[in-house]
Amino acid sequence: MYRLKIPLVWGMLEAESFKEQGNAYYAKKDYNEAYNYYTKAIDTCPNNASYYGNRAATLMMLGRFREALGDAQQSVRLDDSFVRGHLREGKCHLSLGNAMAASRCFQRVLELDHKNTQAQQELKNASTVLEYEKIAEVDFEKRDFRKVVFCMDRALEFAPACHRFKILKAECLALLGRYPEAQSVASDILRMDSTNADALYVRGLCLYYEDCIEKAVQFFVQALRMAPDHEKACLACRNAKALKAKKEDGNKAFKEGNYKLAYELYTEALGIDPNNIKTNAKLYCNRGTVNSKLRKLEEAIDDCTNAVKLDDTYIKAYLRRAQCYMDTEQYEDAVRDYEKVYQTEKTKEHKQLLKNAQVELKKSKRKDYYKILGVDKNASEDEIKKAYRKRALMHHPDRHSGASAEVQKEEEKKFKEVGEAFTILSDPKKKARYDSGQDLEEDGLNMGDFDANNIFKAFFGGPGGFSFEASGPGNFFFQFG
């Protein structure tokens with residue numbers, strides 16, 4: 001019997017030596033060496049609760065909370081009155097996001113030592129985490145993703161190793177369009193656990209929302225291999241495949257010139273997933289292009305507006321809308337869009353588009369001499385002369401001598417404008433300057449001093465070449481010499 005006790009005592013002494021060396025390394029924050037010596041102590045004497053407790057503390061410092069949890073649980077199995085063991089088990093549970101289990105551990109500590117201030121504080125921390133979980137669950141249903149991110153950030157202060165909280169935060173970041181942040185969180189988890197279905201789903205979600213649909217499907221499929229019942233990955237995979245197919249069908253119809261079918265397909269694609277902002281922005285722009293081909297310009301403008309509401313960096317949508325504004329003579333809006341484009345991408349092409357819009361805007365603010373004469377911008381010299389003859393006779397003051405003062409004043413104004421229009425449009429040089437948007441005053445033509453009667457007389461051959469004679473109240477006929 002005595003001989004049996006000697007090896008046992010020797011083993012205990014050796015184990016205590018390993019423990020003391022582990023303590024020394026722990027004090028120096030050399031946790032890897034501390035871990036090695038605590039492991040030697042456990043291997044030498046596997047039934048000592050404090051050895052497991054010490055190794056659990058070391059693993060916690062190394063951030064290996066799942067392993068630490070196993071050691072802490074083993075320590076309290078060996079000695080249910082081991083207060084530090086219960087504390088460490090509770091801390092591991094809390095760090096891993098299991099606040100309910102953590103609370104039970106801290107309550108056990110208080111049963112053993114009702115004055116234990118650490119357990120009291122940790123119990124409050126666990127209650128705080130539970131509260132943030134409840135709030136986040138409600139806010140996620142409300143789609144208040146910013147609030148969920150806030151709650152998860154607060155919860156992670158107490159539960160830094162909780163993958164569940166990190167995944168929920170990453171998913172909400174993706175839904176908020178903060179893709180790099182979401183990708184970073186998911187990637188960190190996948191580095192530790194490459195089979196984590198939730199992290200694979202979030203990676204796919206980011207790619208899906210960035211319009212990298214084909215790559216996104218690969219991640220969704222991988223997530224479903226890891227967890228065949230993953231509902232979110234299943235839904236996202238189905239939506240991604242449907243969206244890709246519908247968009248490609250729309251593109252094919254557009255290329256074939258079947259604009260009506262393309263419109264229908266893009267509209268159907270827009271109904272698949274309202275959360276996919278970038279893809280939907282492209283779909284709106286594509287449908288806007290279809291509407292412009294169908295000459296439904298206002299509808300095209302509406303589609304492009306919806307596109308830039310979803311993605312205010314989408315240059316193609318601004319360019320398409322600007323062209324529609326030009327086509328509908330809404331030049332101020334066109335200039336605004338081209339300015340936005342040029343500020344973003346300072347290319348020669350964009351600069352020229354902006355310049356053209358500015359010229360048209362300037363021209364639109366002047367009198368429209370073509371409209372005044374009632375002719376097209378491509379009207380010939382003869383057509384301009386005929387139009388002037390008709391309009392000049394129509395608005396000549398002598399014709400309206402019997403009208404009210406107000407009517408006479410209005411007709412006199414129109415007569416003068418007709419003369420101005422003819423003066424500019426009948427002169428090739430002035431017409432060219434007018435068409436290019438240049439200032440006519442630079443040619444020395446002051447429209448304020450313009451005398452329409454002189455043009456009229458010159459056109460009709462001077463005094464005596466024509467006369468107005470009344471055939472009754474308000475009626476006139478024209479006699480030419």
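I located Glu417 in helix H22 (residues 405-425); helices are DSSP runs of H or I with at least four residues, strands are runs of E with at least two, and both are numbered from the N terminus. The model is predicted, so I note that local features need pLDDT of at least 70 and side-chain atom pairs pLDDT 80 or more, while totals for chains, interfaces and linings use all residues. Residues are numbered from 1 along each chain as its sequence is written, and side-chain values use heavy atoms, without hydrogens and water.

**Entry 1: Glu417**

I looked up the relative accessible area of Glu417 and found 17%, which means that Glu417 is buried (under 20% relative accessible area, with a 1.4 Å probe and protein chains only). Leaving aside residues up to four places away in sequence, Glu417 touches Lys367, Tyr369 and Ile372 (contact means heavy atoms within 4.5 Å). Tyr369 lies 48 residues from Glu417 along the chain, and 7.9 Å separates their C-alpha atoms.

**Entry 2: H18 and H19**

I next examined helix H18 (residues 331-344) and helix H19 (residues 348-364), whose axes come within 9 Å and cross at roughly 160 degrees. Axes are lines fitted to C-alpha atoms over the stretch in contact, and angles run from 0 to 180 degrees between N-to-C directions. H18 and H19 are therefore roughly antiparallel (angles over 145 degrees). Residues making the contact include Tyr331 and Tyr338 of H18 and Leu353 and Leu361 of H19.

**Entry 3: the chain**

I recorded 24 helices and two strands in the chain. Of its 481 residues, 43% are buried.

Note on methods
Parallel < 35°, antiparallel > 145°, perpendicular 65-115°, else oblique. Buried < 20%, exposed > 50% of the residue type's maximum accessible area, 1.4 Å probe, protein only.
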